[in-house]
Amino acid sequence: MKARVHIYPKRGVLDPQGKAVQRALGTLGFSGVAEVRQGKLIELELDERDPARARAQVEAMCSKLLANTVIENYAIELDEDSK
Amino acid sequence: MKAAVIVFPGSNCDRDVKVALEAAESRVAMVWHGDAELPGVDLIVLPGGFAHGDYLRCGAMAAHSPVMAEVKAQAQRGVPVLGICNGFQVLCEAGLLPGALLPNAGLKFVCRDVQVAVETSQSVFTNAYEAGQVLRIPVAHHDGQYYADDDDLARLEDLGQIAFRYVDGPAPGAGNPNGSAHDIAGVFNEGKTVLGLMPHPERAADPMHGGSDGCGLFLGLVRALG
């Protein structure tokens, strides 16, 4: 089963990359972009086929390694979700 | 005093800190990150560098290296732990220090001397300095912006856990180089037995380096820990 982990800087945490991208968009004439936050996407190919167990596994991976919850939020998406 | 310097794949200041410790008359053991055991030591040092290539987040993977379980156990028993630059990032990722280090506010790698004020002389790390003393020490980092939420920052201030602060003013190198909250350059744990700092005292530990303001940290440790 495929899982995707979306990781973003928390609100209130300065995101200089997002700010730089927002400024660049403004320079290119894309007005009306109120905020840009840049995060990362991690794709995992899991042996586990049971969605609940897969989600629990990825949850544990996030809290132990993939995300730092002092500065980041994360959201887990399983392929199962889109069916 | 006997110190252990932990060597991660990608550490590049491990030998520099060994030289600085030996100049202060400490014995030094180099310990590979994959070792599950640590020799009995008076001080553990996590050196600067780019452990595991800074992949995912700086220090994230190093915080789970086999040796870190023993580092945490000894830290809990009160063995002093010093993390410099990448070592500071590892200590935050390992939960031995509060907060985290974000990319520099200016998005650039900063490599220059900075001016930092010593906030307290009441620790094994800073006893050779005076509170308020200003040191000139180099920084070299891309992810040195110290962040903690408002509650944690208030607690750090209240409990005197801020070790070093970037100093404003006209002196060369003055100012906050990376956007760190409260101008924080280094923090202690609550017991002041764990210190993480972004500046590199081992790179200002000999007149040949162009400055020796970092020597006091190593001399103070040897003085405090025998």
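Author: In this predicted model, strand 1 (residues 2-9) of chain A runs antiparallel to strand 3 of chain A, and the two are paired over 7 bridges. Within this pairing, Tyr8(A) has Asn73(A) of strand 3 of chain A standing opposite. The sheet to which these strands belong is open and has 3 strands in the order 2-1-3, with antiparallel pairing. Strand 2 (40-45) and strand 3 (72-78) of chain A each have a single partner strand and stand at the edges, so one side of each is left without a neighbour in the sheet. From one strand to the next, the twist averages 20 degrees. Helix 2 (residues 51-66) of chain A packs on the sheet, where it touches strand 1, strand 2 and strand 3 of chain A, and its direction makes about 155 degrees with that of strand 3 of chain A.

As for the cores, the largest nonpolar one has 74 residues, and Val5(B), Ile6(B), Val45(B) and Leu91(B) have the most contacts inside it. Strand 1 (residues 2-7) of chain B provides the largest share of this core, 5 residues. Apart from that core lies another, of 8 residues, which includes Ala3(A), Ala54(A), Ala67(A) and Tyr74(A).

In chain B, the buried residues of helix 5 (residues 215-225) are Cys215(B), Gly216(B), Leu217(B), Phe218(B) and Leu221(B), and the buried residues of this helix pack against helix 1 (14-23) and strand 3 (43-46) of chain B. Just after helix 5 of chain B, Gly226(B) adopts a positive phi of about 80 degrees.

How values were computed. Residues are numbered from 1 along each chain as its sequence is written. Chains are lettered from A and ligands numbered from 1 in the order in which they are written. This is a predicted model: local features need pLDDT of at least 70, side-chain atom pairs count only at pLDDT 80 or more; totals for chains, interfaces and linings use all residues. A residue is buried if 20 or more other C-beta atoms lie within 10 Å of its own, exposed if 12 or fewer, and partly exposed in between; C-beta atoms are placed from the backbone. Helices (H or I, at least four residues) and strands (E, at least two) are DSSP runs, numbered from the N terminus. Two residues are in contact if their C-beta atoms, placed from the backbone, lie within 7 Å. A nonpolar core is a set of buried Ala, Val, Leu, Ile, Met, Phe, Trp, Tyr and Cys residues joined through C-beta atoms within 7 Å. Two strands pair if DSSP finds at least two bridges between them. Axes are lines fitted to C-alpha atoms, for helices over the stretch in contact, and angles run from 0 to 180 degrees between N-to-C directions.
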